[in-house]
Amino acid sequence: MVVDESVYDQENIKKELYELAQSRLVLLDKAITTNSSYLRALAELDFSQRRLADAVKEYVEFLDERLLWIRNVTAIDIDKLLSIPKEFALLLSPKDWRDVFQTLTYEALHKPVLIPVFIVVVVLLAWGRKLRTALKATGKRIGKVSADRFLYSVQALLITLLLAVTWRLLLGTIGAELLTSLESSPFSKAVGEGIVTIVPVFLFLRAFYYLCSPYGIAKVHFRWSKVIVNLSRNQIKLVMIVVLPSAFVAVVSIRISTLGGGTSQLAFMVLLLTLAYFISRILHPYRGVLKSYLSRNPRAWLNRLRHVWYLSLIHI
């Protein structure tokens, strides 16, 4: 009798445990389903937040580019001015620049793009004197009715581009390698972006510098006056010396998160002031490139409004 009751109790306990296990299994399935739904909702929320962040960033960039009268950064103050020496020390850190050279060495050994470019630059440098001689030769027949050809001007333009591209080609390749290399540190990538940013401007300015040389296209082929050629050449030289380094420092300091912004703002101010000085010299009504035209056309609207457009261009 006792044995029968013990067996009966075991069966009841077994049945209850089975039912309990089944209910727990159902609860676990519901928990898994709920957790999966929660993860999907989190993924959708993360995706929506990323899209919102991208939209906000694009909108801010849109406003920064078009609403020029609205300040997009805090004004430079005493704290930023005092932080500039420290930021310059970070920009000139030997360790960071050692990383830059190590990255370039690694890229040259594993992705030898730099080597062919370097060979091309060496060849162009070796041909430099011959290219200048050829540029002078294209101008000897200009103005002679029996010998002048439009082809000579095209040749002079191509030679000018070859003279201008020499070091800019190497710099552009170095910047691109630093910017795209997987071995680059954040500082190396910032340096690469700075180089890539200024190289097109450097190429344009250098080409125009050669255009305004004593034997260049502007003077020999286009018959610009000596005063205009010398003025343009000197001012372009100033822009290359001041604006290009300022732009490079501004881009690098903006991309480095550890810098407070004082250096980039200072570099940008130097850049703008230099460009304003460049415009004031080039477009001066009495001493600039328009001097001859304005003196020959005293009643033209451009001459009458010279003070308006001159001051407007400087301030813009």
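Modeller: In this predicted model, the number of salt bridges is three, where a pair is counted if a side-chain nitrogen of Lys or Arg is within 4 Å of a carboxyl oxygen of Asp or Glu. Side chains of opposite charge can pair when their charged atoms come close.

Let us begin with R50 and D46, whose side chains form a salt bridge with an N to O distance of 3.0 Å. Both belong to helix 1 (residues 2–66), and because they are four residues apart there, about one helical turn separates them. An α-helix has 3.6 residues a turn, so residues three or four places apart point the same way.

The salt bridge between D99 and K95 has its closest N and O atoms 3.7 Å apart. These two residues are also four residues apart, about one turn, and both lie in helix 3 (residues 94–110). K95 counts as exposed, since its relative accessibility is 51%.

There remains the salt bridge of E193 with R255, in which the closest N and O atoms are 2.9 Å apart. Here E193 is in helix 7 (residues 186–211) while R255 is in helix 9 (residues 226–255), so this pair ties together parts that are 62 residues apart in sequence. E193 is partly exposed, its relative accessible area being 23%.

The buried residues in helix 2 include K80, I84, E87 and L91. At I84, helix 2 bends by about 40°, and the proline P85 follows within four residues. How does the length of helix 2 (residues 78–91) compare with expectation? Its 14 residues, at 1.5 Å a residue, should span 20 Å, and the end C-alpha atoms are 20 Å apart, which agrees.

Apart from its neighbours within four places in sequence, E177 is in contact with E107, K111, V113, L114 and S184.

Note on methods: Residues are numbered from 1 along each chain as its sequence is written. This is a predicted model: local features need pLDDT of at least 70, side-chain atom pairs count only at pLDDT 80 or more; totals for chains, interfaces and linings use all residues. Side-chain values use heavy atoms; hydrogens and water are left out. Buried means under 20% relative accessible area, exposed over 50%, partly exposed in between (1.4 Å probe, protein chains only). The expected span of a helix is 1.5 Å times one less than its number of residues. The bend at a residue is the angle between axes fitted to the seven residues ending there and the seven starting there. Contact means heavy atoms within 4.5 Å.
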